[in-house]
Amino acid sequence: MDNNLVLVYLSIFVILLAFIAVSVVREIFRIRKLENSLSQLKTKLTKEKGTAQEYYELASIYSEKKVFTQAIPLFQKAIKAAEEEGEENIAPVYNGLGYVYFAQEQYDLAIRQYKEALKLKPDYVVALNNLGHAYEKKKLSAQALQMYEEVLKFAPNNATAKRRAKSLRRLVSA
């Protein structure tokens with residue numbers, strides 16, 4: 001009986017270790033891929049002018065790494081390059097810039113960028129959710145609720161919008 005119990009505990013321990021090892025290896029490969037992309041894009045963009053997509057990708061990497069001060073000018077370059085290239089799908093760039101401002105608690109600037117994204121793509125659910133969240137941070141509950149309800153028009157099953165709208169309805173009606 002004791003041997004069986006030891007074997008069970010040992011098996012659980014080995015499975016747990018294997019799971020942790022796989023998770024660590026996956027994270028290492030993800031970070032390595034991210035760092036590789038960062039290095040390649042930085043090298044390319046220091047030597048020559050890049051495309052809107054390249055600036056956006058590099059800004060997104062910096063944003064993911066939470067190096068917001070370097071992400072902001074890159075998002076701005078992506079917007080400028082997109083305008084020069086005649087690129088029409090730049091709503092994600094404005095949304096990314098808004099996210100960076102939001103992360104730095106510059107809510108007014110974030111709101112401005114989210115609104116720009118929505119001018120270009122009114123049904124952009126991510127920007128609508130982000131705008132609602134920014135309004136919440138500014139204690140503008142009615143506007144936040146309006147944004148989440150707008151999200152639910154385009155994506156009725158959006159869990160974030162459902163949860164936040166439910167919470168805000170109680171707050172606004174009180």
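Is Lys139 buried or exposed, and what is its relative accessible area?

Tutor: Lys139 is exposed, with a relative accessible area of 70%. The cut-offs are under 20% for buried and over 50% for exposed, with partly exposed in between (1.4 Å probe, protein chains only). The model is predicted: local features need pLDDT of at least 70, side-chain atom pairs count only at pLDDT 80 or more, and totals for chains, interfaces and linings use all residues. Residues are numbered from 1 along each chain as its sequence is written, and side-chain values use heavy atoms, leaving out hydrogens and water.

Now the setting of Lys139. The residue lies in the loop between H6 and H7. Helices (H or I, at least four residues) and strands (E, at least two) are DSSP runs, numbered from the N terminus. The phi of Lys139 is near 65 degrees, positive in a residue other than glycine. Most residues other than glycine have a negative phi.

Lys139 follows H6. The expected span is 1.5 Å times one less than the number of residues. Several H6 residues are buried, including Val125, Leu128, Leu131, Tyr135 and Glu136. Their cover includes helices H4 (91–103), H5 (107–120), H7 (141–154) and H8 (159–173). Contact here means heavy atoms within 4.5 Å.

Glu105 sits between H4 and H5. Its phi is about 60 degrees, positive although Glu105 is not a glycine. At 59% relative accessibility, Glu105 counts as exposed.

H1 (residues 2–47) has 46 residues and reaches 67 Å from first C-alpha to last, close to the expected 68 Å. Its buried residues are Leu34, Leu38, Leu41 and Leu45. Helix H2 (52–64) is among what covers them.

Finally, the whole chain. The secondary structure comes to eight helices and zero strands. The radius of gyration is 22 Å, well over the 16 Å that the globule rule gives for 174 residues, so the chain is more spread out than a compact globule. That radius is taken over C-alpha atoms, and the rule is 2.2 Å times the number of residues to the power 0.38. Along the principal axes, the C-alpha atoms fill a box of roughly 70 × 60 × 25 Å. Of the 174 residues, 35% count as buried.
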